[in-house]
Each structure stands twice: as C-alpha cells, then as structure tokens.
Amino acid sequence: MQASNDIPPAAGPAIILVEPQLGENIGMVARAMANFGLSELRLVNPRDGWPSERARAAASRADHVINAARVFDDLASAVADLNFVFATTARARDNFKPVRGPVEAGRALRARQQAGQRTGILFGRERFGLYNDEVGLADEIVTFPVDAAFSSLNIAQAALLMSYEWMKSGLEDETKTNFSSPDMMPATKEQLHGLFAYLEGALEARGYFRPAPKKPKMVDNLRAVLTRAGFAEPELRVLRGIISSLDRFSPAMPRGDGSPGDDPRRLPAAAARAVKPTDKDQS
C-alpha cells in the first residue's frame, strides 16, 4: 500500500464502503461515482473479496474507478490519511457529532477540498449500516430527508445522492444542465394573427362555430388559448402544417390518394358547398 504522502490529491472525496457484501453494489457505487466526477473508491474488508467481476460488470464501464479501488483490512486504516470524514446514517446516534443534510454536506466537502484537505464519506453495510464505533471515527454525520417509515437506502443510492451533491456544489449555477432547449425566436404578432385567421377559416368551413351567435366568444377563447403558449416561429409552422393537412384531406380522401387538385371532394367544406350543381348535372 502507498504511503499517504505518495497518494496524489483526489478530485473529490473518497467513497469508503465498510464491509460491502455484494459485488454488484460495489459496481453500482462505482458507476454513480463516475457519473458525478468521483474516482477514489476504498473498500474495507469486502465480504466476497476483491477484485470482483460482478462489480466490474455492474459498474457499466466505470473501469477507472474499479481499477483504482483500494482494499483495507479495517476502517481506521482506510481513513488514516484523511483530514475530514462524513459518516452516512439513517438513524439517530448517541453522540455529539454535528448532523448535516446532503446539500450542506456537499458544500462543506467542496470548501474543505478547495482548502487542500483530503475528505471522505463512509457508507455502511447493506443490512444494517455502520456501527457506533465506526461512526465515531468520522467528524460529522450526514443523513438524508427520507420517509421515516422507510428510511433504508441501498448503498449505491446513498452514494449517488452524495456524489450528485458533491458535483452540484462545484457548479457556478446549481440549476445549470449539460444541455438546454434550442433558442427560438418568438413569433411576431403578424405571424400569430395569420395563424388565427387560417385556423378560424378552417373551423368555419367545418361548421365548428355553432350556434352562430356564440362565434365571437368562441374565437376569443381560441385566441386566448393560442396566445398563452408563447409560440416560436418554428412552432407556428408546425401548427399551420397540421391545420393545412386537416383542411385538405379527409378520411374519405386520405393523404397518399393523389393530389388534392381541384376535386370538390378534396376542397374545404365551405368551398365544396360553394360549388352549386347545375340543372344539367341534376338531370
């Protein structure tokens, strides 16, 4: 094992699993760590030994975490080179240690890391967590705001939550995401009014505004609905395309059955009604 002064500073807190039972859980912890930029995994006396192919398979290509994982015989050795350690637990302990939530803990770890300190987070066994004397080796406790009736978390879930809070604490904007929706120019009022007119004409042709005296109010309601959304130009083009398709085709003459052309059956209802049959046609 390397001497503590030969170990390069980690990019974040070390994740320390105390007597983990299942290789699959170790692998899922490694995957969660890699998702949020953590790479230092320490294992204290893993039940099924190490290395573990089950852990590697569950890590889903987080091989750099698995390959660098270090195994210790006892917890005291695993935390010996660390300046500050959080212990995760879901139940109250009879001690005088400060207790923090995950958001505050993530920020505290970030501040200590920026000050050059080595930090770590302890996670206990799958079945019952950490013993009191193991919590006693930590500086503070971190607990999660879970339902008191079902407070037990899988170690991979707990590691995911803490890894997420660690990464979030380092963002300039904690609400920032890796990608966002495309920037689109809001539609002009002329474009929006054009859509209103087009839609109103299509609905009028199909007798939507019934009874006739209620049409003004129905039109007002329609415009209120369409105005509220704050459409962008591309969105208006999509809507016009939809309305145009519905306006030109019907179940009787579906798209793909030739071009609409001048076939009266394909014209909007109002236009079709305007084509009056001649006396000769009726004979």
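Of the 283 residues in this protein, 35% are buried, meaning a relative accessible area under 20%, while exposed means over 50% and partly exposed lies in between (1.4 Å probe, protein chains only). The protein exposes about 17300 Å², of which carbon and sulfur atoms supply 53%; these areas come from the Shrake-Rupley method with a 1.4 Å probe.

Before going further, note that this is a predicted model, in which local features need pLDDT of at least 70 and side-chain atom pairs count only at pLDDT 80 or more, whereas totals for chains, interfaces and linings use all residues. Residues are numbered from 1 along each chain as its sequence is written, and side-chain values use heavy atoms, with hydrogens and water left out. The average pLDDT (the predictor's confidence in each residue, from 0 to 100) is 82, and 83% of the residues score at least 70. Residues 1-9 stay under 50 and have twelve contacts (heavy atoms within 4.5 Å) beyond four places in sequence. The stretch 255-262 is also below 50, with eleven contacts beyond near neighbours in sequence.

Now to the fold. You will find twelve helices and seven strands, taken as DSSP runs (H or I, at least four residues; E, at least two) and numbered from the N terminus. Among contacts with a separation of 6 or more, 78% join residues 24 or more positions apart.

At its N-terminal end sits the cap, Asn154, with a side-chain oxygen 2.7 Å from the backbone nitrogen of Ala156. The buried residues of H7 include Ile155, Met162 and Trp166, and the buried set packs against strands S1, S6 and S7 and helices H1 and H5.

That brings us to the largest nonpolar core, which has 30 residues; such a core is a set of buried Ala, Val, Leu, Ile, Met, Phe, Trp, Tyr and Cys residues joined through side-chain atoms within 4.5 Å. H7 gives the largest share of this core, six residues. Leu17 and Met162 are among the members that touch the most others. Leaving aside residues up to four places away in sequence, Leu17 touches Ile155, Phe123 and Val29, among others. A second, separate core of 16 residues includes Val18, Val44, Leu75 and Val79.

Finally, Ala80 lies in the loop between helix H4 and strand S4 and is exposed, with a relative accessible area of 61%.

Technical notes:
A polar contact is a pair of N or O atoms within 3.5 Å; within protein, one must be able to donate a hydrogen and the other to accept it, and residues adjacent in sequence count only if both atoms are side-chain atoms.
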